[in-house]
Amino acid sequence: MSPAPAATSPLAEPPAATAPSRDPLRIALVGNPNTGKTTLFNRLCGLRAKTANFPGTTTDARIGRMSLPTGRDVEVVDLPGIYRLTLDLPESRVCRGVLGGEGFYRRPDAVVAVLDATNLARNLHLLGEVLAKGLPTVVALNMVDLARRRGLTFDAEKLSRELGCPVVPIMARKGEGTEQLLGQLAQVAAATAGPRPLTALPGLGTEAGLERWADGVVERSLGGTHAVGAGADTLTERLDQAFTHPILGVLLFTLVMAGLFWTLFALAKVPMDLIEATFSVLGGWVAAVMPAGALRDLVANGILGGIAGTVVFLPQICLLFLLISLLEDTGYLARAAFVMDRILCRFGLPGHAFVPLLSSHACAIPGILATRLIPDRQDRLTTILVAPFMSCSARLPVYVLLTGLLFEDRPLLGGLVFAGCYLLGGAAALLSALVARRSFLAGRSRPMVLELPSYKVPSLRTAAFVAWDQGLEFLKKAGTTIMAICVVMWWLSAYPVTPPPPQALALEQRAATLAAADPAEAERLRGEAALLAARTAQAGSYAGRLGRLVQPVFEPLGYDWQLTVGVLTSFVAREVFVSTMSVLLVGSDDLDPEDRGVLDRLHGATRDDGTLLFSTAASASLLVFFVLAMQCLPTLAVTRRETGSVKWAALQLGYMSALAYVFAFITYRLVLALGGS
């Protein structure tokens, strides 16, 4: 991937003509993983932040703005969590580049090093390397509340003298100590001299010397007794024994995931109804203020109707990331990773694959990019090939729609099936990895070394920011890709214009003659005429012709031409399936004077023969197909780029599509055999 031009990067040097005094102060946040660095970032910058990529990399950067008590504007860069600057990893290379001002990176004016007070010795190894850069540094000693509960005490002044830089005890989750931190940053901004470089201290030029220095600093500045924390440590050990147990740990993980998805399924109903009602009002307003014609149909049916079919699932997406962030903040997900590591290795996946696979639940693209951390090429290729099996957020609208149709009055069962979709995707990934490692990617996987963070109360604020960011990303996609596809689908479904058939005209005439004598019967006849005209128009449209042309391929799975069109468009992006179906079925609006909303309209949609479009068998088949199919062109493009060959992307598309087809066919026939419609 070629580096981004420096002038366009938020992390790059400003133009030379810019006066330095007018530039905001640039501060870099550094620290080990799980130290609360990003929590502090969110506390300082809040919504005044944006996500970007570091220039020339795919590593995410969080860049935010804040102001010091002196009024000085500050730009805060949240660097990736790392253990050492010297490691040959993408995150470490980025941090080295930023702190050293290398290449197109603009060197920060100061550094805030976030240290975990419960594990100070290990954190000091990274701090020693940071101090060696000679940048003005302030240490934010985080999680002091957890350390105190373990019986540890700190002498911040003594620690400051040992390190040669200010030390501020904080609790980032609660926001305590942040004002003192800002005060120290204001003093650092006003000073010209940085801390004493580490290389100037005797005996610290080697790894052993750094370790002795860190141990000495802890011994001289850390006090208290561990007796108070013994109970807490014992409780932690007991919890770890349960959460990492090879059998109980897997069972607990399954129960936690099932509870998460049931919560997701049950709590989002009210906001979904509100969104549907909002789009219903907007559609009515557009129909009232705009003159009849193609433009009104485009706005009301193509744009609003299509986007409504996707945005209605925004509550589930935000709630999903909120819950996952809370779980991660408690420290549980690291234990889940430990449990899954044992399982992954048995199926030929490296332990390092857990993070990319977990990331793929948000989107397969960052998951595939995260495989760069896997050192062995065979391991990395295997992880890339199976990462799209993990159910990403783009599948979420389809899962919610189909489980809602199948289990409308049984939310608990619907939640279990919803969780089962994720388990099915995971099982497909594991079995596919096993096949790959015993055939064309033969080899043994490497185990993963994983740090277990401390248990702590999760930060609702941090989780809310994560949900907010993911919701915005989803809306951006709804406002661009999905809108474009909706417009195209509206045009394909609206043109060429097909006149109503003679049967529809005859029904309209009968309705007109009965209007005065029998209004109810006249209304029924008009509804039949409208439905017949809509079906004729859809069948004669370009979308109808395309669907009927390809329908024989998907007919064994229980799909008519309408579902076939929806499946075809979803190969561009999975989440447009619901929007496509909403646009295709918009003709039924004429029969729905109460405008029941997108989901109800899809629930009652029918085929050309009058049977339910989303029958039990067809819905179950679709659910399995969307769990297993490779339906994302951007993911295929990233696979081709990361593997360096189009053959791996072609293999990924062909294998996943074939697997989805076969198991969707089996599901359809099985449901029919069991008496399903």
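Let's start with Ser657 and who it touches. If you ignore the neighbours within four places in sequence, Ser657 is in contact with Phe571 and Met630. Ser657 itself lies in helix H28. Is Ser657 buried or exposed? Its relative accessible area is 17%, and since buried means under 20%, Ser657 counts as buried.

Before going on, keep in mind that what you're looking at is a predicted model.

Now stay with H28, but bring in a partner. Two packed helices are described by the angle between their axes and the distance between the axes. For helix H26 (residues 616-628) and helix H28 (residues 646-673), the axes come within 8 Å and cross at roughly 160 degrees. Angles over 145 degrees count as roughly antiparallel, so H26 is roughly antiparallel to H28. The crossing of H26 past H28 is right-handed.

Which residues do the touching here? On the H26 side you'll find Thr616, Ala617, Ala618, Ala620, Ser621, Val624, Phe625 and Leu628. On the H28 side they meet a set including Met656, Leu659, Tyr661, Phe663 and Tyr668. Sort the residues of this H26 and H28 contact by kind, and you get 15 nonpolar, three polar and no charged.

Gln509 has a relative accessible area of 57%, and because exposed means over 50%, Gln509 counts as exposed.

Time to zoom out. The protein chain has 28 helices and nine strands. Of its 677 residues, 51% count as buried. How does the chain connect to itself? Take the contacts between residues at least 6 apart in sequence: 75% of them join residues at least 24 apart.

Finally, how far can you trust the picture? The chain averages a pLDDT of 78, and 81% of the residues score at least 70. Where pLDDT is low, the predicted coordinates should not be read in detail.

Key. Residues numbered from 1 in each chain as written. Predicted model: local features only at pLDDT ≥ 70, side-chain atom pairs only at ≥ 80, totals over all residues. Heavy atoms only, no water. Axes fitted to C-alpha atoms, helices over the stretch in contact; angles between N-to-C directions. Helix = DSSP H or I, 4+ residues; strand = E, 2+ residues; numbered from the N terminus. Parallel < 35°, antiparallel > 145°, perpendicular 65-115°, else oblique. Left-handed = near helix turned anticlockwise from the far one by under 90°. Contact = heavy atoms within 4.5 Å. Nonpolar A, V, L, I, M, F, W, Y, C, P; charged D, E, K, R; others polar. pLDDT = per-residue confidence, 0-100. Buried < 20%, exposed > 50% of the residue type's maximum accessible area, 1.4 Å probe, protein only.
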